[in-house]
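This report goes through one structure, from its interface to single residues. Keep the sequence and the model open while reading.

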Amino acid sequence: MSRKPSVWMRILQYAVLIGFAIFAFYPVWFAILASGRLGDRLYTLNLAGMFFPTEWTFENYRVMLFERPFLTWLTNSLKVAVAATIFSLIISTSAAFALSRFRFRGREAFLILLLALSTFPGLLSLVAIAQLLTAVGLYGKHLGLILAYTTGTLVFCTWNLKGYFDTIPIDLEEAAMLDGCGPVEAFTLIALPLARPALAVTAILAFMGSWGDFVFAGVLVPAPDSLKLAVPALYSLANSISVPWGYFAAGAVIVVLPTLMVYLALQRYFESGLTVGGVKG
Amino acid sequence: MSVWSGRRRALTVLLFLLPTIIAVLIFNIYPTILNIYTSFTTRNKYKPNPDCSVALSGVLDPLCWPVFRDTAPVGLGEPYRIADPPFKNYTDLLGKLFAPPALISLGKMLVCLVPLIIANAVNKRFAKEVTPPLASGWVWLMAIISVVILGFVLDFFAALATLMETGDFLVVVLRTVMFVAIRVPLTFLVGLILALILNSQHLPGRTFFRVVLFIPWGASAVAILIALVWQFFFRDQGVINQLLLAVFNYKGPVWLNSPVWATVVIVLADIWFSYPFFMVSILGALQSVPNELYEAADVDGASPWQQLMGITLPLIRPAIVPALVLTSITAFQMFGTAFAITAGGPQLGADKPGATEYVMVYAYRQIYQVSNYGRATAFAVLIFIMLFLATLYSLRITKITKGAR
């Protein structure tokens, strides 16, 4: 649409854009406002206070960081998500490389099986996984959660990395092979370094999958407080009547803002639509 | 790569794939099998442990395996057994679906949809002709009118009510399907409007809006936390009611206690989470529409609406249909938004699913709050089958598997 739209059209366009920008930003903005207000004032807002920081205190942050085990929860979440991401990447890169480079019987079927598995929500096999972890003695432990997350993100990582390996020309590896390099060296010395950007993005997305999860973290590690993860712990905080909502808001802001930053930094990547196996909506 | 071949090659491929295969076997395939087995047992909170002398339990339940038998927790209550009859969990869920009244109701509802199928076929037929005797809009209009008439004659809603009485499964699934049917088109509309505006040239501040409008996508990574903020908006003393009181001096309803309003709130919040996906994918598709087409249309005097319907939508269709299908499947599996905002409520009566208890919320509550594992796994198996069919269909539609070649 190359022609310049009329003035009225322009005004309408901006009205829609501004309206939706407020819609998009307000929930996050509200959480930030609430995190800076004392709990008992949340329910007696003045009109201005709903949109602008008319009062501000770091009391909620202080309580969350120093009087509640919030830092422990954050550390637990970080630990579990990082470990799951590393495991998942180690396992999936080699599979992705093989699926991208070798032609063998059953390859296509295997890829489709992976894709089909990824569309089933993990929640549906939760009972069985909990039973399995109970048997191994990992129920209620971080390691059990790490294993569950690793397999949860595995399929996404495999497809994503396979897609990237497909775009790397095979010539380099072929040349190396002619010079007497084996497939393992071709993988570790040539393909892996070339795939570094894709590895980084895949790692971040896999990390986010475990970082924001509620169901597995809440069911597989229900107690005690010192082992809980940030998201389910914050959820129970928000729903307990005895705890001021401002505490939850402060904790939520600490978790949400870095997540938003990461996604905004990756926006270009999403727009190019490279996330084949991980389409969300 | 033909440098090396034969057995060595096969071994290398296997080594590369082995970790993934093992992980998938242990954490995907095996749980599915155990899940199916559990769905035929009476396992619940009070009978969590197996009776290892039952052959299948001994083989399938990990608590019975010799390696783990010593470390396995010893249950207090009696062990779970095969349900009697074996399909009991399924009949509990599906209830009287296969009894005559429910089947007749189902038949009636399907008959009501026949005109739509006919209209689709007729339109496909007409589309092949150069001058169709009837515009497709008219065919659809006639079809919809006949659906309404048929609906009145056969009493569609009474049939629906009969079906809803059959058991939890249909209630939950139909409600979820209704949620998807409302949520996905609205999200698409919002995404389309925003993408069309953002795609227009000479739009100062475009980058700013692109960034701000993208925020909910990032927030959906920690969906449950932001959904709790949405819940706070609509509490009795929440932001919305305070605004209504302050501006209009009007005492707002208790939003989340009303089945209709609770649904509306969840739809709204879920649109918030998911419109950026549509916006981004439509925006990407719009880049591929050549500008000359619009110039030519301008010369021919086509209105913006005609350009939208005649050029833009048909050309971005290949990119949009997969997005629509995938979004429908993910919307069907929506959990965080509904769970954080209403946790499935408001209650509609004892032992009945709540008004917003969608598929995943129901599954979660059966596991975590009711701890009726037998029924939860039976429910999971039924949803598995539905999702499997939907996935097969979507793989065909989206052609994602072309990456497998």
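## The interface between the chains

Between them, chain B and chain A bury about 10000 Å², and 77% of this area is on carbon and sulfur atoms. The size of an interface is often given as the accessible area lost when the parts come together. The model is a predicted one. The contact involves 109 residues from chain B and 104 residues from chain A.

How many salt bridges are there between chain B and chain A? The count is zero. Over all chains, however, a search of the whole structure finds nine salt bridges.

## Chain B as a whole

Chain B is built with 17 helices and zero strands. Taken along the principal axes, the box filled by its C-alpha atoms is roughly 80 × 75 × 50 Å. Of the 405 residues in chain B, 48% are buried. Chain B exposes about 19900 Å², with 70% of that supplied by carbon and sulfur atoms.

Contacts can also be sorted by distance along the sequence. Among contacts in chain B between residues at least 6 apart in sequence, 72% join residues at least 24 apart.

## Salt bridges in chain A

A:Arg101 and A:Glu173 form a salt bridge, with 2.8 Å between the closest N and O atoms. This pair links distant parts of the chain: A:Arg101 is in helix α3 (residues 70–101) and A:Glu173 in helix α7 (residues 171–178) of chain A, 72 residues apart. Both A:Arg101 and A:Glu173 are buried.

A second salt bridge joins A:Lys228 to A:Asp225, where the closest N and O atoms are 3.4 Å apart. A:Asp225 is partly exposed, at a relative accessible area of 38%.

## A salt bridge in chain B

In chain B, the side chains of B:Asp168 and B:Arg375 meet in a salt bridge, at 3.6 Å from N to O. B:Asp168 lies in helix α8 (residues 168–199) and B:Arg375 in helix α17 of chain B, so the pair ties together parts that are 207 residues apart in sequence. Is B:Asp168 buried or exposed? B:Asp168 has a relative accessible area of 13%, which means that it is buried, since the cut-off is under 20%.

α16(B) is mostly covered, with nine of its 11 residues buried. The buried residues include B:Val359, B:Met360 and B:Val361, as well as B:Tyr362, B:Tyr364 and B:Arg365.

Just after α16(B) comes B:Ser371, with a positive phi of about 55 degrees, although B:Ser371 is not a glycine. B:Ser371 is found in the loop between α16 (359–369) and α17 (373–398) of chain B. At 7% relative accessibility, B:Ser371 counts as buried.

## Two exposed loop residues

B:Asn249 is another residue other than glycine with a positive phi, near 55 degrees. B:Asn249 sits in the loop between α11 (239–248) and α12 (259–286) of chain B. Which side of the cut-offs does B:Asn249 fall on, buried or exposed? Its relative accessible area is 66%, so B:Asn249 is exposed, the cut-off being over 50%.

B:Gly301 lies in the loop between α13 (291–299) and α14 (304–332) of chain B. B:Gly301 is exposed, with a relative accessible area of 57%. The C-alpha atoms of B:Gly301 and B:Gln201 are separated by 20 Å, and these residues are 100 residues apart along the chain.

## A buried phenylalanine

B:Phe273 is found in helix α12 of chain B. B:Phe273 counts as buried, at 7% relative accessibility. How far apart in space are B:Phe273 and B:Trp217? Their C-alpha atoms are 6.1 Å apart, while in sequence the two residues are 56 residues apart.

Leaving aside residues up to four places away in sequence, B:Phe273 touches B:Pro216, B:Trp217, B:Ala219, B:Ser220, B:Ala223, B:Ile226, B:Ala227 and B:Thr337.

Key. Residues are numbered from 1 along each chain as its sequence is written. Chains are lettered from A and ligands numbered from 1 in the order in which they are written. Side-chain values use heavy atoms; hydrogens and water are left out. Helices (H or I, at least four residues) and strands (E, at least two) are DSSP runs, numbered from the N terminus. Buried means under 20% relative accessible area, exposed over 50%, partly exposed in between (1.4 Å probe, protein chains only). Contact means heavy atoms within 4.5 Å. Accessible areas come from the Shrake-Rupley method with a 1.4 Å probe; for residues, only the protein chains shown count as cover. Buried area is the accessible area (1.4 Å probe) that two parts lose on being put together, summed over both. A salt bridge is a side-chain nitrogen of Lys or Arg within 4 Å of a carboxyl oxygen of Asp or Glu.
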